[in-house]
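Thank you all for coming; I would like to walk through one model this morning, moving from a single residue out to the elements around it.

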Amino acid sequence: MSTMNMDDVNNSTIIQQAPSNFLFSNVNKILSTFVPAHHRRQSNELYKSIGVKSHGTITFADNKSNRAEFIRIPPDAPVMQVKELISTKWCHERPSLVISVTGGAKDYNMKPKLLRAFRRGLLKVASTTGAWIITGGMNTGIMKLVGEIVQINPNRHRPIHLIGIATWGCVAGSDQLDVHGTNVHYAKPHVEELNEALLEPNHTEFIFVDDGSVRKFGGEITFRASLEQAISGDFFAIRSNSDSSPPLPKLTPTTSFRSEQSDPIPVVLLVVEGGPNTVRTVHEAVVENNIPAVFFEGTGRCCDLFAKAVRLYKEYRLKFELSEEIPRLDVPTILRRYDELKNRLREDLREELRAIGVTGARLGAGNRKTMQKKFTASDATKKDEADSVDYFSLVYECIDTRPNFLNIISLHARSPVEPDIDVAILQALLNATSGFRPGKTSNQRKREQFQLAMEWNRVDIVKKNIMKDDRDWENMELNDLFELALNRSQTEFVRLFLDHDFSLTDLFRNNNKLALLYKNSMKEHHVIFSTSDNPLRTIYQVLIQPLIGDFFEVDIALRSQRTSSETRLNVDNDSELCSCCTVPWPRRHHDARPPKHRPSLVISVTGGAKDYNMKPKLLRAFRRGLLKVASTTGAWIITGGMNTGIMKLVGEIVQTNPNRYRPIHLIGIATWGCVAGSDQLDVHGINVHYAKPHVEERGEAPLEPNHTEFIFVDDGSVRKFGGEITFRARLERAISEDFFAIRPPSASSTPSPQLMSTPSFRSEKSNPIPVVLLVVEGGPNTVRTVHEAVVENNIPAVLFEGTGRCCDLFAKAVRLYKEYRLKFELCEENPRLDVPTILRRYDELKNRLREDLRKELRAIVGAGDRLGAGGGKKMQNLTIAGESKQRKEDSVDYFSLVYECIDTRTNFLNIISLHSRSPVEPDIDLAILQALLNATSGCGLSKTNIQRKREQFQLALEWNRVDIVRNSIMKDDRDWENIELNDLFELALNRSQTEFVKLFL
């Protein structure tokens, strides 16, 4: 370390100075040797961005151990930069709470018993939550009282940050503080002017707002309110529908305070006594910035005014029958009664308004928004504005619009019970969460309250006020909070969870979750875990057993977990041959084991069986989209299994899958009589070396060699395609299990599909897998397949317009159907038509559509009576052998099949254009996801909008498409407020889906 250059100091002066005075005068020079230059540069840049007029440190004669930071700023200084300064330069640990204290600026003597309660409660809250405390910073009134309380903080290892925000022109001796980066030994002026006050010596930071005024209190109110709002980050905000989606508050402690909007900190306003400026401060906090307030009734003036106003407002609402339980009143009556209530209340509060110094015109009606004007004009203008404020209207707006944000605690000395201040502050936060979002469910509110109580480590609050009966525990998902309690070693909360049957066994069966649970927070045990032969047992012995004792049988859980993993290992070492017909291919090694892991999606591909050449640009898009979907969702892909047409194309795409660690299961379902060389496969349990026959008969095709599984449907037919359609449709329906089914309202609602990857595929009804049909080109059998999927089995279809035949038929039909519905005024928004007119117009629409689609139908069907009217259901009976089957197939009315699809399942048909002339390369994976979203958007009559949106959110999460959630699903704040998504938040964390985690936060 470099030494001081003593030549710069007058030696005679040094001799005359006392050692302490020498340190005070030269502390900045001494400390500068310890501060790296780049840190000073960063601070200077931050000061410049804020517009700092002066800055430095302050030492006080009354508290020589305290050296307080300070800045002087203009009233329009950017609050986000000031917030950054506080969090990065002044206070290095993020608090769980910010307490803003306001009240009378005059000396205030609190009764001894009440002072004890206030002191104990404030210190307990600050030590529990690491709270910052904000006051006006002066050595008078409640500010002085708070400073004296903080001085006696018994926890010297966790100092309390006490931040004073004051008007520069009201600071006695402010001329001493007009410095830049040096220490100031603050001295009391010989003469104190009226409306000036000394700084309180126990504050650790000061922000002086210089609005140009001299000796006029209140110039800091607007800036202080803006700063507190920036810190709270709309934690309790009531938001409009047009606002962007709010982040969920992150309540867990972090190593540093992050200043971005995604990490709000709750702010609570404590009010003791107070005058007109205190009323303005309360209104600014509660109404404008959604910050809850706690009033200490019995301290006088402002607090007693609000306490009486809240009590009378509740009484008058009951008296005038204006409670929410009485909905029978008409609007004019309600408005008239509210006016009467307001006038009655104004009269009853006249004495309290006078007590805070409000006289004359300010008791009368006025513009309640006047106080929002910026007090930056001349003193005369400012005084006129202040005098015109209608303080009653400010009070009334608070109690009328934010009653759950106002919390009254009695500090009357005659009360036999000493008030519990820390509980009152926590209750204020709980009340603010209990009703600030109209669409939020009771469970969601209780969960937020549970989180707050955990932050304060108040298990008694949970037992008495939040989780009052067993139904609360049954209806809420709290596993993540159980894990958090374990992680933080919150013993009482761990016991509470265990008392309500939360399972440690399940936790020990999940290697990944248990390891991640302690990975970051228990770094001191990292060496023990990393060198242990059994890290799960070590985690239990070192971290969990000390919390809960010896009653948990960890050996049983570990043995259960170990047995299941060994079983999976043995199964995975089974044969690597093709699982359905045990066919090894001469072309390449085939790692084609049966699917052990449940996919999040099944893609059924259908289309033309003839060779199909897709344009290079479209082929790139199709290949990239299909591989992206399969790799993202672990999808199974089902085709017809033959080495022709779209089946061959899909097989070649799957062969290029770059992810060898996650092979794609490509399942072929074909008619046995159409498989070239099927006689080779008439075996039982042995391997077949499949060889292509020398001669291929008409109506036969060889198997596609990249398929991993085959199912051959033997209906007795020979060389006649389509015999597998009905079975394939039934299988796909069994897999989807009515995922998108239209159910009558009386049907019981199905549970939300579990989309998370699980070790095995479960076939029970509770765990459906969405299936989507991809259609490329195609002929008559493809039309039948689409109808079977969409109408009969409720499976959405994506049709690639521009590939020809079936796809172009459906694309044109969908487009014309929409046009004709508008033309014939058959849209749902036109309820005035009578039933006969509607039926007649639909018949006319259908005939018009049949005529317009004649060309496209000929392209896939050919000429003949199949273009005429026929039975749309006859295709279901194509299971009879011989001539009867041929006659029935010829009689199928393909137009009716198409029409039934577009008329009854419009949201199940999704058209994506693959015209090569389009300059934009289509996004195939997005189109498939959109098809699933469209199918969930209107499929279940018994499903609520919330259930459908949750399903859509799950689908987007599976595909890792956060853009879809933002743009198409969670469009406004009400969606976030109404849907329980905590399990999906945990899933995103578990999968390290960064963008989704940011969205949740």
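If we set aside its neighbours within four places in sequence, Ser736 is in contact with Pro768, Ile769, Val771 and Ile795, where contact means heavy atoms within 4.5 Å. Please keep in mind that this is a predicted model, in which local features need pLDDT of at least 70 and side-chain atom pairs count only at pLDDT 80 or more, whereas totals for chains, interfaces and linings use all residues. Residues are numbered from 1 along each chain as its sequence is written, and side-chain values use heavy atoms, with hydrogens and water left out.

Ser736 sits in helix α27, residues 725-736; helices here are DSSP runs of H or I with at least four residues, strands are runs of E with at least two, and both are numbered from the N terminus. Ser736 counts as buried because its relative accessibility is 1%, the term buried meaning under 20% relative accessible area, with exposed over 50% and partly exposed in between, for a 1.4 Å probe and protein chains only. A polar atom of the Ser736 side chain also lies 3.2 Å from the backbone oxygen of Arg733.

One of the contacts of Ser736, Val771, brings us to strand β15, residues 771-776, which pairs in the parallel sense with strand β11, residues 602-607, over six bridges; two strands pair if DSSP finds at least two bridges between them. Within that pairing, Val605 has Leu774 of β15 as its bridge partner. Both strands belong to an open sheet of seven strands, in the order β14-β13-β12-β11-β15-β16-β17, with parallel pairing. Its edge strands, each pairing on one side only, are β14 (709-713) and β17 (909-913). On average, neighbouring strands of this sheet are turned by 20° against each other, direction ignored, with axes taken as lines fitted to C-alpha atoms, for helices over the stretch in contact, and angles running from 0 to 180 degrees between N-to-C directions.

Now to a pair of helices: the axes of α29 (residues 805-823) and α30 (residues 835-852) come within 10 Å and cross at roughly 145°. The residues of this contact divide into seven nonpolar, no polar and five charged, where Ala, Val, Leu, Ile, Met, Phe, Trp, Tyr, Cys and Pro count as nonpolar, Asp, Glu, Lys and Arg as charged, and the others, Gly among them, as polar.

Helix α33, residues 894-904, is mostly covered, with nine of its 11 residues buried, including Phe895, Leu897 and Glu900. Asp893 caps the N-terminal end of α33, with a side-chain oxygen 3.2 Å from the backbone nitrogen of Phe895.

Strand β5, residues 161-167, is likewise mostly covered, six of its seven residues being buried. Four bridges join β5 to strand β4, residues 132-135, and the two run parallel, with Thr135 opposite Gly164. Ile163 lies in β5 and counts as buried because its relative accessibility is 1%. Beyond its neighbours within four places in sequence, Ile163 has contacts that include Ile86, Trp132, His203 and Ile207.

To finish with the whole protein chain, the secondary structure comes to 39 helices and 17 strands, and 52% of the 1001 residues count as buried. Among contacts with a separation of 6 or more, 76% are accounted for by residues 24 or more positions apart.

Notes: A polar contact is a pair of N or O atoms within 3.5 Å; within protein, one must be able to donate a hydrogen and the other to accept it, and residues adjacent in sequence count only if both atoms are side-chain atoms.
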